[in-house]
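Hi everyone, thanks for making time.

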Amino acid sequence: MGGEQKITAWTMTLVRICFSLLVALLCGRLPLVGTEGGDGTASTSTSSPNPDGNHSSNCSSLTVKLEFSTKVVEHEYIVAFNGYFTAKARSHFISSALKSSEALDWRIVPRKNPASDFPSDFEVVQIRQASHSSLLTLEDHPYIKRVTPQRKVFRTLNYTPDLPDPGATCNNDTRWTQKWQSWQSSRPLRRTSLSLAFGFWHATGRHSSRRLLRAIPRHVAQILQADVLWQMGYTGEDRHCSGVKVAVFDTGLSEKHPHFKNVKERTNWTNEKTLDDGLGHGTFVAGVIASMRECQGFAPDSELHIFRVFTNNQVSYTSWFLDAFNYAILKKIDVLNLSIGGPDFMDHPFVDKVWELTANRVIMVSAIGNDGPLYGTLNNPADQMDVIGVGGIDFEDNIARFSSRGMTTWELPGGYGRVKPDIVTYGSGVRGSGMKEGCRSLSGTSVASPVVAGAVTLLVSTVLNRELVNPASMKQALIASARRLPGVNMFEQGHGKLDLIRAYQILNSYKPQASLSPSYIDLTECPYMWPYCSQPIYYGGMPTIVNVTILNGMGVTGRILDKPIWQPYLPQNGDHIDVAVSYSPVLWPWAGYLAVSISVAKKAASWEGIAQGHVMVTVASPAGNNSEVGGEMTSTVKLPVKVKIVPTPPRSKRVLWDQYHNLRYPPGYFPRDNLRMKNDPLDWNGDHIHTNFRDMYQHLRSMGYFVEVLGAPITCFDASQYGTFMMVDSEEEYFPEEITKLRRDIDKGLSLIVFSDWYNTSVMRKVKFYDENTRQWWMPDTGGANVPALNDLISVWGMAFSDGLYEGDFTMADHDMYYASGCSIAKFPEDGIVIAKTLKDQGLEVLKQETAVVEGVPILGMYQTPSEGGGRIALYGDSNCIDDSHRQKDCFWLLDALLQYTSYSMTPPSLIHSNSRVTPPTGTDRPLPERLEGNHLYRYSKVLEAHLGDPKPRPLPACPHLSWSKPQPLNETAPSNLWKHQKLLSIDMDKVVLPNVRNYRPQVRPLSPGESGAWDIPGGIMPGRYNQEVGQTIPMFAFLGAMVVLSFFVVQLTKSKNKPKRRKPRVKRPTYLQQQQQQQLAPTGKNPTV
């Protein structure tokens, strides 16, 4: 009995060991349902990058902080020609142009790259003694189009780990992360992405108290259902069995990387003699597009063309890009991914070449930037109309905090920005190829961009008639099929989330046509149509401008026939609004603009309600050579318009924002308003109420104010309509007529609020940039604000700002405040109210690295003008407290108090009785600030022009005049819901079905010795989005199955050996037989054996 118990216990122990082994292996190998990673999405096992490319588990992915900057190279100029010429012809043109000029020392900079053997449309010239006249002489040559400075490009890739789950245990060696983070440029940067380590995701306003937690595989191609197209036979090859040509402009790719089977060409455009990727970013991007194993890409059979345009020090030049772009055109590239960007939309050679690329049918996909959540931070070239600009989301469909936001800003100040990004997709925790082998996870819009580029490459391979595929038709398919994210506005998500399958359906039913982006204007739809929906329109207000992009899928060039037609719906009060339309005279390449200005008719001055109508636009484009249609192709599109009208608000509730006098980078060096932001020195966000002053605008709307924007000189608005005129962070000069007009307006009741910033010529000279490599000085053309110009404007009232530069924390009216690089009030009327605070002298710190505390610094002034019925003036020396760019402590309460004072003549008791109130300064203790001698503000100013002596004002420009469209009323009912899935011609998404899916096994290259080919096939062992994870666990299940079988046989064998022998039962014989047997055995004397 005791032996049997021991055997049973031994058997149970063996079973427990096997079961524990099974559980341990499964828990360590498979994703756990119901667990979440640190970034808020479900977690899976991921790989951390390391120099060797090996796998090592980690608890978080890495976020790519892409920092991008440019510098002008001294003495080097890009000479662009009107066509493509041989090197000999280019040299002849330049030498003949400079023959009689003052440039005695010049040479053509040699360019040794694959494009040097072909004709080119530009040359890099080094002119040591360049003068303005010599450059003009070059531009006067009939074959020379433009002469621009050569630019040196710096990109810094910082890999920052996302915050892991606090409860997770990580035993990883952090050396790898530190090595990735050590890639720092030693150069001063033009701009830096905001920190991505904390508050990683931007909430979209959606909330659910309970939700199903699920494990999400991080193979982005399968999440977007690329496996559906793989199983239909589409893997990046077209019907002629040649791969779609996709170019990756990045840091290169190693020659024998195991993830790629169809690398057609690797080219090096840098001055380093290597084709390999020394950073890993280019390899990752290529893997997302075309990896065929482990972390699978979208189009494994596509034809990869690797362009190495960045060195291992992450340096590039504009000329390198231009040569590489020319070579891409020569190679007839189909899709080009550009995971770079910057704020310099005025780098003309670069932008011109982007247009030429798309004109040659190259579909360019570019990242919009990692400068979110600030608005107005779109990067170039993603902000161009012909480029597909991509933003990032996480796996919970939240807009990524790092993803840059619209609007585009190069249309400011006179116009209004366009909707960008075009589309968003997964850009957080995406898995891609490691530098040498294996996989890793990265985040950033430079990750989202190749996701779209890979999807586009796959889509191109599904279209039988490749003539239908062009940059416009592809963008039309992507934005028409995108899934809109709820609770997110159009400047965050564009048209929505990438939907690969719906895009396939549209492309395979596509007919060439024109379309609009956005496809409708609904000023009542919130939050998607923010900021338009945030404020109703009314009679007498500034016209609302909506900048619509026209996409022309019929051809690279086109035009608008006749004029757009405005057709109001009479039953929906369409005659209560007036519409003016301006548009591109030529649509090239593939796109143009349609600017719609909306105003309220006079008869609706006291009316409230909804008005609707639509604008009809007909686009014509030359028919292709193979087209059955002769002459021109035409396409008519309808732009529905819906607005909310309210009665004109009282004057006291209306605030006018001065946009006309705000300048930004590019083209000039306009420094940041906060000098503490040394890594972000440029003011490039537009200074608009819908970009970096968005929060202030939202606050004013919540307080009941109506805010309008003035994009013209001060002479161009009716001051009797407004209570307060706001001038914030103004860098521009003022026309003499503007100064006179504003003085007259304030005498008649208009009030003025001015938020200034620092201006000190010594500090401006101190904060100039010196480039050690190019030996080029970058001198700011003004300070944070143009204080001398502001002083000219307000001098008539005995007011002036100083050139003092102060910062510090203080308390005002029980509110904590921070003064960030502001100026002080130098002069103020004696009957005015002035508030002073104790601050640090930041100017002394910048100039001499010394610290000093200054008491009684006047920072706030309020004044009632003496004329009867005159307005009020309020001055404050710092705008950072209402600017989203680097705001630390907001002062919206102060803005409310100042508006109460200017609009309602209500002096805030907390200020008038403040202990910080001082006697107004007289301005006699120190001279007022003067303009920086030798500044070049006139080069970028709308007011100044060059003169023999000092720059002088230009003639005052005429005020903008809108030509209102003649209405053609419709006596019919308007559609009730303007937002529908954009139907291209007669395509009905509900009727377009996927063909029958057939099993398909993509071809893979022969395996090298030692490689395992079990899991190379896209789609894996079984169709579906979880194949990769399941496939990786099958060897473990086989091993565990063998262990279970072995355990069973061991148990059975042990039982048989230790089983006791059973005695045979003893049969009792009858009595007469026993007696007989005993008689027979008696003589022998033997006993019977039983």
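Predicted model: local features only at pLDDT ≥ 70, side-chain atom pairs only at ≥ 80, totals over all residues.

Residues are numbered from 1 along each chain as its sequence is written, and side-chain values use heavy atoms, with hydrogens and water left out.

Okay, cores. By a nonpolar core I mean a set of buried Ala, Val, Leu, Ile, Met, Phe, Trp, Tyr and Cys residues joined through side-chain atoms within 4.5 Å. Buried, for this talk, is under 20% relative accessible area, exposed is over 50%, and partly exposed is in between, using a 1.4 Å probe and protein chains only. The largest core has 82 residues, and the members touching the most others are Met696, Phe755, Met812, Tyr876 and Leu894. Which helix gives this core its largest share? That's α19, residues 892-904, with 7 residues.

Let's zoom in on Tyr876. Leaving out neighbours within four places in sequence, Tyr876 has contacts (heavy atoms within 4.5 Å) with a list of residues including Phe755, Phe801, Phe810, Cys881 and Leu894. There's also a second, separate core of 62 residues, with Leu224, Met232, Ile306 and Leu507 among them.

Now for charges. Side chains of opposite charge can pair when their charged atoms come close. We call it a salt bridge when a side-chain nitrogen of Lys or Arg is within 4 Å of a carboxyl oxygen of Asp or Glu. How many turn up in the whole structure? The search finds 34.

Take Glu123 and Arg111, which meet at 2.6 Å, N to O. Glu123 sits in strand β3, residues 120-127, and Arg111 is in the loop between β2 and β3, 12 residues apart. Glu123 is buried at 4% relative accessible area, and Arg111 counts as buried too, at 17%.

Compare that with Glu632 and Arg559, whose closest N and O atoms are 3.2 Å apart. This pair links strand β23 to strand β18, 73 residues apart. Here Glu632 is partly exposed at 35%, and Arg559 is partly exposed at 36%.

One more pair: Arg654 and Glu708, 3.0 Å from N to O. Arg654 is in β24 and Glu708 in β25, so the bridge ties together parts 54 residues apart in sequence. Both Arg654 and Glu708 are buried. And there's a network, with Arg90, Arg111, Glu123 and Asp323 joined by salt bridges that share partners.

Last stop, disulfides, meaning two cysteine sulfur atoms within 2.5 Å. The search finds 4 in the whole structure.

Cys716 joins Cys959, S to S 2.0 Å, and the link is left-handed at -90 degrees about the S-S bond. Those two cysteines are 243 residues apart.

Cys526 and Cys533 also pair at 2.0 Å; their torsion is about 105 degrees, so this disulfide is right-handed. Cys526 is partly exposed at 48%, whereas Cys533 is buried at 13%.

Finally, Cys881 pairs with Cys891, right-handed with 55 degrees about the S-S bond.

Notes. Helix = DSSP H or I, 4+ residues; strand = E, 2+ residues; numbered from the N terminus.
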